[in-house]
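Take a first look at the structure shown here. Then follow the walk through it below.

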Amino acid sequence: MNYLIFGGSGFIGSHLVSCIKEQEATATIYNIDLVESDHNNRSVFIRCDVRNPIEINIPASSDDVIFNLAARYRFPEYADYDFFETNLQGAKNVCAFAEKHGIQKIAFTSSIAIYGASEELKEETTLPTPDTPYGISKLVAEKIHETWQAHDSNRKLLIVRPGAAFGKNENGNFTRLYWGIRRRSFFYAGRTDTIKACIYAKDLVHLMLTMIGKQQAGTELFNCAFSPACSIKQIVETIKKVTGLKRKIIKINASLLTFAASFISVLGGNKLGIHPTRVKKTMISTNISCKKLNLTDYRFKYTFEEALADWYSDNNNQCLK
């Protein structure tokens, strides 16, 4: 059995390779991506652009597992078109590749962005109302994968909708938050009780690997986050506790902070991760229910605090990055 990871050079892909090798030291892993990474010789790199029909020569079989992680997801770095081109065409081409080679198992990383922005608790049965190009593209990509599975009742499809994933080499929301606290440039935007669903990258990839390994034929869909989800204040205070930062974080009027972020971004704030869109995101809860996952026998390896401490340890207790 081989593991085919589309988008394997990225943040989640690198953690997935490590997780597979921890469990199966002799496993053959193909990292199929535009950006090269051999993961310290733990994977075989194959250059591929999922936006185009996938023509790669590997000894695939029905026992193989595809992990489709390939996606555009950073906003505002990409234009709307980029999300649809990569996330939709990528889903179609990965599923076509599985069809061609008779591969029966796909694990797909979607996103809680498919639910749209609102304060209400979202379960897997909540009607998706995505309000961003990224969220819309991920919802359509889910349907593309579900169509692939429906064509053969023996196929196995796992869809995970993770909260904000964090861990070593994330270079995203949590990394910016940590450095904002450390540099005293982070402030609460109007409120401290915003709920922010999140998950540790090591737990996410272990969950995916475990669930697709034991899944029966059909489609399984799970929200993935620490439960209950943390508030932004809980996240900030836990980061401070784990890393030893002594900072007082003040709350600033949301409109004033958004205006300031707009001004700073014009002066090059994007290099510092400062952008009005990101400020607005901190004011909107991403509150998802993981009751369905909690009803299974699967349990995360880390609590939220333990996850942050492990990430800190991965950086020699110097920082979070």
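Predicted model: local features only at pLDDT ≥ 70, side-chain atom pairs only at ≥ 80, totals over all residues.

The protein chain has 321 residues, and 53% of them are buried. Its secondary structure comes to 10 helices and 13 strands. The accessible surface of the chain comes to about 15100 Å². Carbon and sulfur atoms hold 52% of that surface.

Start with strand β1. This strand runs over residues 2–6, and Phe6 lies in it. Is Phe6 buried or exposed? Its relative accessible area is 0%, so Phe6 is buried, the cut-off being under 20%. Cys48 gives another view of how the chain folds back. Phe6 and Cys48 are 42 residues apart along the chain, yet their C-alpha atoms are separated by 8.6 Å.

Next comes helix α2, residues 80–101, which holds Thr86. Thr86 has a relative accessibility of 7% and therefore counts as buried. Which residues is Thr86 in contact with, beyond its neighbours within four places in sequence? They are Val50, Arg51, Ala71, Arg72 and Ala91.

Now turn to a pair of helices. Helix α1 covers residues 11–23, and helix α5 covers residues 201–214. Their axes come within 9 Å and cross at roughly 60°. The two helices are therefore oblique to each other. The crossing of α1 and α5 is right-handed. From α1, the contact uses Phe11, Ile12, His15, Leu16, Cys19, Ile20 and Gln23. These meet Ala201, Lys202, Leu204, Val205, His206 and Leu209 in α5. By class, the contact of α1 with α5 has nine nonpolar, three polar and one charged residues.

Move on to helix α10, residues 304–314. Which of its residues are buried? They are Phe304, Ala307, Leu308, Asp310, Trp311 and Tyr312. After α10 comes Asn316, whose phi is positive, near 55°.

Finally, look at α6 and α10 together. Their axes come within 10 Å and cross at roughly 45°. These helices, α6 and α10, are therefore oblique to each other. Their crossing is right-handed. On the α6 side, the contact is made by Gln234, Ile235, Thr238, Ile239, Lys241, Val242 and Thr243. On the α10 side, it is made by Phe304, Glu305, Leu308, Ala309 and Tyr312. By class, this contact has seven nonpolar, three polar and two charged residues. Phe304, Leu308 and Tyr312 are among the buried residues of α10.

Technical notes
Residues numbered from 1 in each chain as written. Heavy atoms only, no water. Helix = DSSP H or I, 4+ residues; strand = E, 2+ residues; numbered from the N terminus. Buried < 20%, exposed > 50% of the residue type's maximum accessible area, 1.4 Å probe, protein only. Areas by Shrake-Rupley, 256 points an atom, 1.4 Å probe, with all protein chains shown as cover. Axes fitted to C-alpha atoms, helices over the stretch in contact; angles between N-to-C directions. Parallel < 35°, antiparallel > 145°, perpendicular 65-115°, else oblique. Left-handed = near helix turned anticlockwise from the far one by under 90°. Contact = heavy atoms within 4.5 Å. Nonpolar A, V, L, I, M, F, W, Y, C, P; charged D, E, K, R; others polar.
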